[in-house]
Amino acid sequence: MNKEKENTGNGHKADCCSGRAKGLSADLYVCPMGCEGSKKYESEGNCPVCKMKLVPFKEHEHEKDGHSDHISKHGHQHIAAAKGSFYCPMRCEGDRTYEKAGDCPVCGMHLVKEASPQPKGTVYTCSMHPEIQKTKPGSCPICGMDLIPQSGDIESEEHKAYKSMLKRFWVALALSLPVFIIAMSEFFPFLNLDGIASGKTFAWIQFALASPVIFYSSWDFFIRGWNSVRRWSPNMWTLISLGVGAAYIFSVIGLLMPDLFPAQFKDASNNVHLYFEAAAIILTLVLFGQVLELGAHSKTNSAIKALLNMVPPVARLFKNGEETEIALEEVSVGDVLIVKPGEKIPVDGKLVFGTAIIDESMITGEPVPAEKEIGSPVTGGTINGKTVFRMEALKVGSDTLLSQIIQMVNDASRSRAPIQKLADVVAKYFVQIVIGISLSTFFIWYFFGPEPALVYAFVNAVSVLIIACPCALGLATPMSIMVGTGRMAQSGVLVKDATAIESMNKVNSLIVDKTGTLTQGKPSLNTFKSFGDLSDEDILQFSASLDANSEHPVAEAIVKGAKKKNVSLFKVGDFESVTGQGVKARHENKLIALGNMRLVETLKADMSKKDVELAEKWQSKGQTVMFLIIDKKVEGMISVADAIKETSAKAVKDLQKLGLKVIMLTGDNKFTAKAVADELDLDGFEADCLPEDKYNKVKELQDKGMIVAMAGDGINDAPALEQANVGIAMGTGTDIAMQSAEITLVKGDLTGIVRAKELSGKVMRNIKENLFFAFIYNALGVPVAAGILFPFFGILLSPIIAAAAMSFSSVSVISNDLRLRAK
């Protein structure tokens with residue numbers, strides 16, 4: 001069962017593509033809006049989605065406009081992002097971006113600014129004289145105080161939009177409340193409005209107060225509605241414009257030309273019942289909903305903002321023995337930088353002087369600080385502890401791990417999950433259906449409703465238009481994906497796209513490599529034992545003293561292990577390396593040697609049968625065994641092994657509790673593989689695997705109906721990572737493994753897979769909750785607004801109540817998404 005290949009468009013897509021390859025692009029047509037993933041058509045006509053006229057497809061113009069399509073690894077077709085940094089949160093046009101802030105031309109939602117991983121030019125200002133702004137650090141020319149860095153984007157586009165919407169809301173609220181009180185004066189008899197002025201006068205006052213709400217505070221809603229009609233892409237703003245517009249125009253005509261209306265629309269004073277208060281209050285509630293939505297939306301990408309804030313604006317350059325503060329964007333590869341206590345590390349590099357304990361929790365998700373010594377890698381954005389050290393810059397700008405994380409989160413948060421298809425199909429026909437229900441409501445009430453039937457028909461038809469909320473459907477998936485990918489990034493789990501999240505939630509089998517995934521990936525000291533008069537520690541001391549002169553990886557592991565145990569080493573003479581067997585030297589006129597069984601045989605050293613059996617037992621557990629020989633007698637033995645990571649056992653148990661079968665495939669021998677599998681209680685293992693064996697095992701499990709995730713870190717894992725339903729690359733592994741994988745774990749640790757599985761489950765559960773709420777809300781709200789409860793309970797829904805419900809429906813979806821941040 002290979003990964004499902006998704007092909008947008010209909011069956012003649014292959015012909016279109018082949019025609020294009022033959023140079024027949026002039027005979028192809030595309031939608032100028034890029035609907036259906038830049039699908040191409042063989043004849044002229046209108047786009048079946050937005051109804052706009054198709055235009056000739058020209059290769060060079062298509063690419064120049066930023067709409068050239070490409071097929072992703074899994075066959076998903078995306079519109080390449082145009083040059084710009086704003087996108088629609090509902091992904092109406094796929095990956096398309098826009099150069100300027102504003103509203104989506106399709107759905108009318110406010111465009112969101114994409115967080116940029118590139119460091120922008122840092123501006124330095126004086127806290128006492130903010131008018132002073134410099135591009136480099138220094139002192140204020142007025143007061144002499146040190147200039148401090150400020151964000152280049154001191155007021156984000158989102159914040160500007162929020163402030164503008166909030167201002168218009170307060171204006172609308174101030175004007176709408178008097179209109180509401182005047183219209184509902186019968187409920188406020190203590191105001192005695194009838195004794196102050198006539199009903200006609202108050203009608204003109206309502207008109208004067210409601211008009212600014214329409215033409216100032218909410219005019220862009222009507223622009224959005226008109227654009228939706230013009231583009232044949234009806235949405236929420238179409239419904240609001242129709243409902244509120246009808247109420248306002250009806251009221252204006254009723255005020256200016258009351259004689260046009262029949263008697264059932266008039267009161268005892270022959271004045272037409274006006275709906276200025278409905279129009280004003282509905283728009284005020286919509287504005288309030290937009291304010292809450294913009295405020296909540298700014299929190300949905302708080303993970304990316306937190307990552308961006310991890311980048312310090314300046315770095316301390318150490319050159320010619322002097323320290324100079326420079327802007328971050330001026331740091332070059334090879335520069336030596338100084339990092340002081342509590343400071344954020346500016347770029348990726350390695351430590352060249354001193355030691356450090358660094359908090360890497362924001363990158364790896366691990367709370368325990370990491371100890372660093374000379375040669376250790378350090379990551380930009382992590383926080384130094386209490387020491388001063390120097391580092392060499394190895395990766396700067398967009399090449400740093402933090403920049404790549406931010407870019408991956410951006411890309412993933414803008415991708416579309418397969419589960420969104422259902423919402424897309426419903427939303428495509430939703431507005432047309434609601435308008436149809438509204439018209440049906442009008443005619444049913446007009447012909448079959450009680451008197452005044454025309455008034456009931458008009459009010460209920462408007463209520464249907466106002467209460468329906470396609471936005472709740474549209475936001476159900478994208479917002480969860482945005483919050484979820486950011487939350488996963490904070491936990492050290494990076495996803496390529498939303499499909500990976502949905503697939504990870506369905507995974508029931510996990511294939512893992514041994515080396516570097518379950519184990520450390522490098523040899524380390526394991527066990528040492530004396531066979532005679534020497535103590536166990538003496539065996540370690542002799543072995544390490546011999547191996548201190550060797551460059552073999554096994555020797556390095558023994559020496560490093562001895563140093564960790566504070567074992568003192570002694571010098572040896574006449575050191576000699578015996579190829580394929582071990583090493584030997586002289587100490588205190590004695591021949592000492594350390595090596596394998598071949599070296600024992602070469603030196604004809606004595607060894608008991610019991611000791612041989614013990615050595616074979618160690619080897620059966622996957623350990624590499626060396627024997628210490630002193631004057632042709634085997635005094636003891638020492639072993640090294642690729643140690644199992646401390647977190648592997650718990651991670652395997654957690655994964656099994658989550659319903660996954662954990663299977664290990666390794667190129668190592670069967671003894672080592674069995675030892676690891678038994679210790680971790682794995683569900684299965686296979687040894688001596690070649691890259692094609694791992695690939696075939698993935699296919700075998702898929703053919704049995706399993707949803708398979710493959711975790712690996714080497715080039716040999718790339719084919720299997722590509723074939724698996726979800727490929728998981730360890731961040732400590734090779735670039736080719738990461739390129740083949742859908743999920744990358746910043747820290748090469750199996751616990752990251754546990755986090756990925758848990759978070760993917762929470763994201764998908766959140767999406768399903770949102771979709772359920774959106775469907776139920778509209779399924780119940782529209783019939784109630786149409787008056788279905790009136791024959792049974794005499795209940796009718798006021799357009800004002802409908803507007804309040806509609807406004808809070810989108811906010812409730814986003815609020816549910818925000819719960820993911822705390823999970």
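Colleague: What makes leucine 818 a buried residue?

Modeller: Its relative accessibility is 16%. Buried means under 20%, so leucine 818 counts as buried. Leucine 818 lies in helix H29, residues 799–818.

Colleague: Why is phenylalanine 443 called partly exposed?

Modeller: The relative accessibility of phenylalanine 443 is 45%. Partly exposed covers values between the 20% limit for buried and the 50% limit for exposed, and therefore phenylalanine 443 counts as partly exposed. Phenylalanine 443 is found in helix H12, residues 420–448.

Colleague: Where does proline 452 lie, and what kind of peptide bond joins glutamate 451 and proline 452?

Modeller: Proline 452 lies in the loop between H12 and helix H13, residues 453–467. The bond joining glutamate 451 and proline 452 is cis, with omega at about -10°.

Colleague: How do you know that glutamate 588 is exposed?

Modeller: Exposed means over 50% relative accessible area; glutamate 588 has 64%, so the term applies. Glutamate 588 is found in the loop between strand E24 (582–587) and strand E25 (590–595). Its phi is near 50°, a positive value in a residue other than glycine.

Colleague: Why is lysine 604 called exposed?

Modeller: The relative accessible area of lysine 604 is 67%, and therefore lysine 604 is exposed. Phi of lysine 604 is also positive, near 55°. The residue is placed in the loop between helix H20 (597–602) and helix H21 (609–620).

Colleague: What makes strand E27 mostly covered?

Modeller: Strand E27 spans residues 633–644, and nine of its 12 residues are buried.

Colleague: How do you know that strands E22 and E26 pair with E27?

Modeller: Pairing requires at least two bridges between two strands. Eight bridges join E22, residues 519–530, to E27, and seven bridges join E26, residues 624–630, to E27, so both pairs meet the criterion. E22 runs antiparallel to E27, and the pairing of E26 with E27 is likewise antiparallel. Threonine 519 stands opposite isoleucine 644 in E27, while leucine 628 stands opposite glycine 636 in E27.

Colleague: Which residue in the hairpin of E26 and E27 takes a positive phi?

Modeller: Aspartate 631 does, with phi near 50°; two residues separate the strands of this hairpin.

Colleague: What is the average pLDDT of the protein, and where is pLDDT below 50?

Modeller: The average is 76, and 73% of the residues score at least 70. Over residues 1–26 the pLDDT is below 50, although the model has 49 contacts for this stretch beyond near neighbours in sequence. Residues 151–155 also stay under 50, with five contacts beyond four places in sequence.

Colleague: Why should such contacts be treated with caution?

Modeller: Where pLDDT is low, the predicted coordinates should not be read in detail.

Key: Residues numbered from 1 in each chain as written. Predicted model: local features only at pLDDT ≥ 70, side-chain atom pairs only at ≥ 80, totals over all residues. Heavy atoms only, no water. pLDDT = per-residue confidence, 0-100. Contact = heavy atoms within 4.5 Å. Buried < 20%, exposed > 50% of the residue type's maximum accessible area, 1.4 Å probe, protein only. Helix = DSSP H or I, 4+ residues; strand = E, 2+ residues; numbered from the N terminus.
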